[in-house]
Each structure stands twice: as C-alpha cells, then as structure tokens.
Amino acid sequence: MARLSLRSFFAWQSRPVPQFWLFRVRAEFHEQARGKLRGNLFDRDPTFIGKFSELFALETGGSAPLLVKRIRAQKEADYVRRYFRCQGKREFFGSMRLAEIGINCPEPIGYAVSLMPWSRADSLFLCRFLPQAIKSTQWMRQGPPTREWVMNAVARDMGRMLEHNLFHRDVHTENLLVLPAAETVEAALYWIDNDIRPFGRSRRTLKREQFLKRWFEVGYLTPEEKAQFAAELPERPAGD
C-alpha cells in the first residue's frame with residue numbers, strides 16, 4: 001500500500017451521550033473533516049440504520065457529502081481491541097487497499113476510536129456518501145440482464161482480490177451497492193463494510209472456495225447462476 005499521510009485530532013460530544021473521539025483522517029481531508037466533525041454529530045436521526053451501526057450523512061459544502069458510520073461494540077473483546085484494531089480502522093484500511101487495486105468503494109477519508117472505555121460506541125468510519133447508490137439486491141430485481149451484470153461484476157472483483165491475495169470477510173449482497181449509469185458514466189459496483197485480510201498464495205484455492213460459499217448463501221441465486229458464477233471466478237490468476 002502506498003504511504004498514507006494521516007492527521008489526528010480530538011473531538012468531544014456531549015449528546016446524546018458523552019463521547020471523546022480520537023480521529024485519524026487523510027491529510028488532504030483534514031481541514032474539511034475537522035470543521036464538520038465537531039459538536040454533537042449524532043444528536044439527530046441517522047440516515048441509515050444497520051444491524052450494528054448507524055450512518056449519518058453530513059453536508060460539507062463540497063462536491064459530495066461526508067458519511068459517518070458509527071459502529072457499536074458487538075462483544076466484550078471489542079472494548080479492548082478498539083484501541084489497536086477497531087472496526088472503523090479495519091474498514092478504512094480495507095477500503096484503501098481495494099481502491100489501490102482498482103476495486104470501487106466509497107472514497108475512504110478516515111476513522112475514529114472512542115476513548116471512553118465504557119462506551120458501547122466502538123469506532124467511526126468516514127467516507128464519501130454516494131446518495132444515488134442503491135443496494136445490489138434492489139438492482140438485481142430489475143430483471144435477468146441486471147442480475148447477470150451484478151454476477152459478472154462481483155466475479156471480476158473477487159478475482160482481482162484473489163490475484164492480490166486478499167480476502168473480504170463479509171461478502172454478501174447487502175455489502176454491495178450499485179451506482180446507476182448517468183449520462184456519461186456507466187453503472188458501477190461499489191463494495192462497503194470492507195474488512196479485508198491478506199492470505200498466503202498457498203491458500204488461494206481455499207479462499208476461493210470460501211468466497212463461493214459466502215456468495216452462494218444468497219438465497220435467491222438459482223443453481224444455473226451459481227454454476228455460471230463459479231465458472232467466471234478463476235481458479236488462479238492468468239500467468240500465475
């Protein structure tokens with residue numbers, strides 16, 4: 001991964017519950033992020049609600065809003081792990097790595113960790129908000145051509161991850177967004193919740209099978225679609 005320049009700052013929030021955050025953001029976004037991430041960010045209704053997170057879209061006055069994902073601790077170990085490998089940090093560096101190898105994801109900006117030991121709020125992940133994006137499941141309901149388009153795009157990106165010995169730990173359709181085509185731009189697949197793990201070349205076949213297993217857990221894939229998808233995902237990269 002190319003060398004990153006990260007800037008740090010602290011932020012205190014009194015509502016809805018007291019929080020003290022340590023932010024780490026890319027240097028080129030430091031001034032913009034620092035100006036928007038002060039005050040009571042979460043004293044409002046979230047834009048989206050996930051199983052273990054809430055997402056808040058913040059207007060920045062720039063070309064794209066900022067999305068702040070507030071992540072809750074899921075188990076006791078998270079209260080300790082947050083200080084060296086919190087979920088927000090993993091998603092930030094995972095997104096940076098995917099972008100580096102040419103896989104689309106909302107532009108990562110930074111992350112933050114809670115410095116309140118008893119807080120259920122574990123960490124934050126900061127990225128660009130894509131207000132026009134829709135879930136891949138919604139896109140696939142439009143008919144066979146869009147289903148095939150998603151299958152081919154996922155197989156292409158999974159193949160690229162395998163080529164670079166990377167494994168996405170949370171592969172499923174809820175973590176795939178589609179940015180519909182505009183007048184001059186083709187539709188594009190975007191990956192979110194990017195918790196990425198490297199693996200050795202000797203484990204590539206195993207990771208390919210794990211990719212297939214997780215993707216095939218999608219209940220509405222037909223046997224024919226599963227077979228086609230498996231054929232599209234290469235056993236090993238060309239020239240390996």
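Are Phe9 and Phe23 buried or exposed? In this predicted model, Phe9 is buried, and Phe23 is buried as well.

**Aromatic pairs**

A pair of aromatic rings is described by the distance of the centres and the angle of the planes. The structure holds twelve aromatic pairs, and one of them joins Phe9 to Phe23 in a stacked arrangement, with 4.9 Å from centre to centre and 10° between the planes. Because Phe9 belongs to strand β1 (residues 6–13) and Phe23 to strand β2 (residues 19–26), this pair ties together parts that are 14 residues apart in sequence.

The rings of Phe93 and Tyr111 also form a pair, which is tilted because the planes stand at 55°, a value between the limits of 30 and 60 degrees, while the centres are 6.2 Å apart. Phe93 is found in helix α3 (residues 87–100), whereas Tyr111 is found in strand β6 (residues 108–114), so the pair ties together parts that are 18 residues apart in sequence. Phe93 is partly exposed, its relative accessible area being 27%, whereas Tyr111, with a relative accessibility of 8%, counts as buried because that value is under 20%.

Elsewhere, Phe10, Trp12 and Phe20 come together in one aromatic cluster.

**Charges over rings**

| Charged residue | Ring | Distance from the ring centre |
|---|---|---|
| Arg70 | Phe42 | 4.5 Å |
| Lys207 | Phe167 | 4.5 Å |

Arg70 lies over the face of Phe42, and the charged end of Lys207 sits over the ring of Phe167.

Key
Residues numbered from 1 in each chain as written. Predicted model: local features only at pLDDT ≥ 70, side-chain atom pairs only at ≥ 80, totals over all residues. Heavy atoms only, no water. Phe/Tyr/Trp six-rings, centres within 6.5 Å; stacked < 30°, edge-to-face > 60°. Helix = DSSP H or I, 4+ residues; strand = E, 2+ residues; numbered from the N terminus. Buried < 20%, exposed > 50% of the residue type's maximum accessible area, 1.4 Å probe, protein only. Lys NZ or Arg CZ within 6 Å of the ring centre and 35° of its normal.
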